[in-house]
Amino acid sequence: MAAAREVVRHRLSGWGVPRDLIDTARLVISELVTNALLHTDSERIVCRIERRGFQVRIEVADQGPGIDPYAPRCCPADPDAEGGRGLLLLDAMATRWGVISPDQGAGCTVWAEIAP
């Protein structure tokens, strides 16, 4: 996760993206990579970042089955729990986000768009 955060910082700094947006992007990629590591048995996780004008799009692809479209996306976490707030954070930080699940087989991409 640290490597992904550092790549995002370096790339977005080079593109002249404002510091607050870089900080948000680092938090988003950290959350998406953490979810891929914790919730899939992926041997490979691929991260992609793209600048679209004032907006940044982040994608994290893994080998997992994706998010169940019928499961609630944001459930209240136990106040004492160390985890369980990732999607709530993503909702708060991203302009929009979503999941590209495979039609067949394994593989899922979670994407998020952030803007100032």
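Start by selecting α2 and α3: the two helices are roughly antiparallel to each other, a label for angles over 145 degrees. They pack at an angle of about 150°, with axes 10 Å apart; the axes are lines fitted to C-alpha atoms over the stretch in contact, and angles run from 0 to 180 degrees between N-to-C directions.

Before going on, a word on what you're looking at. This is a predicted model, where local features need pLDDT of at least 70, side-chain atom pairs count only at pLDDT 80 or more, and totals for chains, interfaces and linings use all residues. Residues are numbered from 1 along each chain as its sequence is written, and side-chain values use heavy atoms, leaving out hydrogens and water.

On α2, pick Thr24, Leu27, Val28, Glu31, Leu32 and Asn35; on α3, pick Gly86, Leu87, Leu89, Leu90 and Met93.

Now stay on α3, residues 86–93. Which of its residues are buried? Gly86, Leu90 and Met93, with buried meaning under 20% relative accessible area for a 1.4 Å probe, protein chains only. They cover an arc of only 75° around the axis, so they sit on the same side of α3; the arc is taken from the directions from the helix axis to the C-beta atoms.

Finally, zoom out: the chain runs α-α-β-β-α-β-β from the N terminus, with helices (H or I, at least four residues) and strands (E, at least two) taken as DSSP runs. Of its 116 residues, 34% count as buried.

Key
Buried means under 20% relative accessible area, exposed over 50%, partly exposed in between (1.4 Å probe, protein chains only). Angles under 35 degrees count as roughly parallel, over 145 as roughly antiparallel, 65 to 115 as roughly perpendicular and the rest as oblique. Contact means heavy atoms within 4.5 Å.
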